[in-house]
Amino acid sequence: MAKSCPKCREKLSETPERVVFPYEGLGLSVLKNGFECASCKRKEYEDKVDKYSQDFIGLQGPHPPEINWQMYIDEHSDKEKEELTDILLAIGILSIESKDSWEIVDGSSRTIGLNLGLPSSGSYFYFKRKKDALQYACLIYDDHYKWEARHIGEVVSRDEALFEKSET
Ligand SMILES: [Zn+2]
């Protein structure tokens with residue numbers, strides 16, 4: 001028997017899948033797991049956008065969105081910060097993929113960019129747009145120490161490298 005979504009009781013596809021949809025002029029892309037349905041996932045993110053759109057995403061007139069990075073930095077509640085981060089990931093401002101992204105590094109080329117350090121998310125996040133990387137870095141690091149923003153072009157993963165080695 002097919003399982004039903006715990007939230008809406010509709011029939012549930014247990015396969016994780018990417019849910020892509022437009023909302024308020026934004027293009028959202030989120031991953032749904034096997035324990036929720038696509039429409040509940042979509043509703044969850046529409047509610048998040050509603051909650052923060054005015055002050056945080058600056059939805060007015062033609063897009064792309066203007067992110068209020070000061071608000072992001074000033075947010076000290078873990079839950080709210082996660083919600084803001086979720087939105088930024090969903091609308092493609094942040095990414096967990098380094099390829100074609102921007103990162104902030106210190107004087108020794110160590111990444112010092114956006115890592116929430118939250119218990120629930122150990123991930124390091126990259127910026128998809130240069131202007132967001134620069135705005136964030138200027139606000140948070142200012143002139144305290146040497147930093148620079150770098151664009152990451154090509155990325156070869158360990159697995160790809162090992163696979164290629166075994167093929168030759
Ligand atoms: Zn549902």
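## Burial and the model

A residue is called buried if 20 or more other C-beta atoms lie within 10 Å of its own, exposed if 12 or fewer do, and partly exposed in between, with the C-beta atoms placed from the backbone. This is a predicted model, in which local features need pLDDT of at least 70 and side-chain atom pairs count only at pLDDT 80 or more, while totals for chains, interfaces and linings use all residues. Residues are numbered from 1 along each chain as its sequence is written.

## The chain as a whole

The chain contains five helices and seven strands, where helices (H or I, at least four residues) and strands (E, at least two) are DSSP runs numbered from the N terminus. Read from the N terminus, their order is β-β-α-α-α-β-β-β-β-α-β-α. Of the 168 residues in the chain, 21% count as buried, and the C-alpha trace spans about 55 × 55 × 35 Å along its principal axes.

## Helix α1 and its kink

Helix α1 covers residues 38–57, and its end C-alpha atoms span only 24 Å, whereas a straight helix of 20 residues would span 28 Å; the expected span is 1.5 Å times one less than the number of residues. In α1 there is also a kink of about 45 degrees, centred on lysine 51, the bend at a residue being the angle between axes fitted to the seven residues ending there and the seven starting there. Just after α1, glycine 58 has a positive phi of about 60 degrees.

The buried residues of this helix are Lys41, Tyr45, Phe56 and Ile57. Among the elements that cover them are β1 (17–23), β2 (26–32), α2 (69–74) and α3 (78–90).

## Where α1 meets α3

The axes of α1 and α3 come within 10 Å and cross at roughly 95 degrees; here axes are lines fitted to C-alpha atoms, for helices over the stretch in contact, and angles run from 0 to 180 degrees between N-to-C directions.

Two residues are in contact if their C-beta atoms, placed from the backbone, lie within 7 Å. On the α1 side, Tyr45, Lys48, Val49, Tyr52, Phe56 and Ile57 meet Glu83, Leu84, Asp86, Ile87 and Ala90 of α3.

## Two residues with positive phi

Arginine 9, in the segment before β1, has a positive phi near 70 degrees although it is not a glycine, and this residue counts as exposed because it has 9 C-beta neighbours inside 10 Å. Glutamate 24, in the loop between β1 and β2, has a positive phi near 55 degrees and is partly exposed, with 14 other C-beta atoms within 10 Å.
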